[in-house]
Amino acid sequence: MLSREVAAHGLYPAVDPLASSSKAMEPGTVGERHYSAAQEVRRVLSRYEELRDIISMLGIDELTTDDRLVVSRARRLRNFLTQPFFVTETFTGTPGCYVPLADTIAGAEAVLRGECDSMAEDQLFMIGALKGVVRA
């Protein structure tokens with residue numbers, strides 16, 4: 001499902017992963033690894049949405065250590081899920097790229113495991129595949 005709010009944050013494709021669903025997203029159809037990674041991404045993003053009101057009212061410092069980690073990883077996931085499209089090269093100045101599904105799944109799993117915790121959120125924006133990105 002396309003989202004104006006996602007687009008307003010400059011994230012493309014402007015798909016809201018929490019509002020989107022598919023009958024094909026079943027372990028028997030997409031495989032256990034893909035299904036598990038997608039479910040965990042949705043869980044983390046959902047928790048982040050729950051925490052946004054607290055953050056806006058009280059600040060991120062009022063969250064527990066675990067919740068701050070969820071927020072950090074959710075923001076990285078949100079940026080990682082952006083894609084530089086070939087058809088938008090002339091508008092964005094960013095070269096388009098093709099990312100195999102296995103690389104996308106592996107990248108999401110790496111973010112979820114905390115392998116990107118030391119990276120700035122911006123480093124995951126419009127990168128395509130995670131492999132090859134220099135970790136700070």
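**View 1. Helices H4 and H6 in this predicted model are roughly antiparallel to each other.** Their axes cross at roughly 165° and come within 9 Å. Angles over 145 degrees count as roughly antiparallel, hence the term. The crossing of H4 past H6 is right-handed.

**View 2. Residues at the contact of H4 with H6.** From H4, the contact takes in Arg 73, Arg 76, Leu 77 and Phe 80. H6 contributes Asp 103, Thr 104, Gly 107, Ala 108, Val 111, Leu 112 and Arg 113. By type, five of the contact residues are nonpolar, two polar and four charged.

**View 3. Ser 72 in helix H4.** Ser 72 belongs to H4, which spans residues 65-80. Ser 72 counts as buried because its relative accessibility is 18%, and the cut-off for buried is under 20%. Its side chain makes a polar contact of 2.4 Å with the side chain of Arg 76. Arg 76 is also among the H4 residues that meet H6.

**View 4. Helix H3 packed against helix H6.** H3 covers residues 32-58 and H6 covers residues 101-113; their axes lie 10 Å apart, at an angle of about 45°. That angle makes H3 oblique to H6. H3 passes H6 in a left-handed crossing.

**View 5. Residues at the contact of H3 with H6.** On the H3 side are Arg 33, His 34, Ala 37, Glu 40, Val 41 and Val 44. They meet Leu 101, Ile 105, Ala 106, Ala 108, Glu 109 and Leu 112 of H6. This contact comprises eight nonpolar residues, one polar and three charged. Ala 108 and Leu 112 of H6 take part in the contact with H3 and also in the contact with H4.

Technical notes: Residues numbered from 1 in each chain as written. Predicted model: local features only at pLDDT ≥ 70, side-chain atom pairs only at ≥ 80, totals over all residues. Heavy atoms only, no water. Axes fitted to C-alpha atoms, helices over the stretch in contact; angles between N-to-C directions. Helix = DSSP H or I, 4+ residues; strand = E, 2+ residues; numbered from the N terminus. Parallel < 35°, antiparallel > 145°, perpendicular 65-115°, else oblique. Left-handed = near helix turned anticlockwise from the far one by under 90°. Contact = heavy atoms within 4.5 Å. Nonpolar A, V, L, I, M, F, W, Y, C, P; charged D, E, K, R; others polar. Buried < 20%, exposed > 50% of the residue type's maximum accessible area, 1.4 Å probe, protein only. Polar contact = N/O pair within 3.5 Å; in protein donor to acceptor, adjacent residues only side chain to side chain.
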